[in-house]
Amino acid sequence: MAQNSLRIDDARVNTERRIPFEVSADPFYSKENMDELERRVANIRTGKSVLKEHDLIGGE
């Protein structure tokens, strides 16, 4: 079954002249996310936010 879907995808690449899936940028590096990360770092540096240690879930 998987081999058949690969053949279909290969055929689609040849007939449609494109890859059979959409490619998108990593949203981590979006302007909005980078602005939020910079705001949080600034809050930590000024003491407005404080980092706290915690146990890992499932840690031994």
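A nonpolar surface patch of about 310 Å² is formed by Ile19, Phe21 and Val23 in this predicted model. Patches here bring together residues with over 30% relative accessible area and no salt bridge, where like charges are joined within 9 Å and nonpolar side chains (Val, Leu, Ile, Met, Phe, Trp, Tyr) within 5 Å. The areas themselves come from the Shrake-Rupley method with a 1.4 Å probe, and for residues only the protein chains shown count as cover. Phe21, one of the patch members, is placed in the loop between α1 (2–16) and α2 (31–46).

Residues are numbered from 1 along each chain as its sequence is written, and side-chain values use heavy atoms, with hydrogens and water left out. As the model is a prediction, local features need pLDDT of at least 70 and side-chain atom pairs count only at pLDDT 80 or more, while totals for chains, interfaces and linings use all residues.

The chain contains two helices and zero strands; helices (H or I, at least four residues) and strands (E, at least two) are DSSP runs, numbered from the N terminus. Of its 60 residues, 2% count as buried, where buried means under 20% relative accessible area, exposed over 50%, and partly exposed in between (1.4 Å probe, protein chains only). The accessible surface of the chain comes to about 6,200 Å², and carbon and sulfur atoms account for 55% of that area.

Helix α2 has 16 residues and spans 23 Å from its first C-alpha to its last, close to the 22 Å expected at 1.5 Å a residue. The expected span is 1.5 Å times one less than the number of residues in the helix. Just after α2 comes Gly47, with a positive phi of about 90°. Within α2 lies Asn43, which counts as buried because its relative accessible area is 13%. Leaving aside residues up to four places away in sequence, Asn43 touches Lys48 and Ser49, a contact being heavy atoms within 4.5 Å.

Three salt bridges are found in the structure, each defined as a side-chain nitrogen of Lys or Arg within 4 Å of a carboxyl oxygen of Asp or Glu. Asp35 pairs with Lys31, with the closest N and O atoms 3.0 Å apart. Both residues sit in helix α2, four residues apart, or about one turn of the helix. Asp35 is partly exposed because its relative accessibility is 36%, whereas Lys31 is exposed at 58%.

Glu36 takes part in salt bridges with Arg39, at 2.5 Å between the closest N and O atoms, and with Arg40, at 2.8 Å from N to O. Arg39 and Glu36 are separated by about one helical turn because they are three residues apart in α2; for Arg40 and Glu36, being four residues apart in α2 likewise gives about one helical turn. These bridges share partners and join Glu36, Arg39 and Arg40 into one network. An α-helix has 3.6 residues a turn, so residues three or four places apart point the same way. Glu36 is partly exposed at 24% relative accessibility, and Arg39 is partly exposed at 42%.

A search of the whole structure for aromatic pairs turns up one. Rings of Phe, Tyr and Trp (its six-membered ring) pair if their centres lie within 6.5 Å; planes under 30 degrees apart count as stacked, over 60 as edge-to-face and the rest as tilted. Phe28 is partly exposed because its relative accessibility is 41%, while Tyr29, at 60%, counts as exposed.
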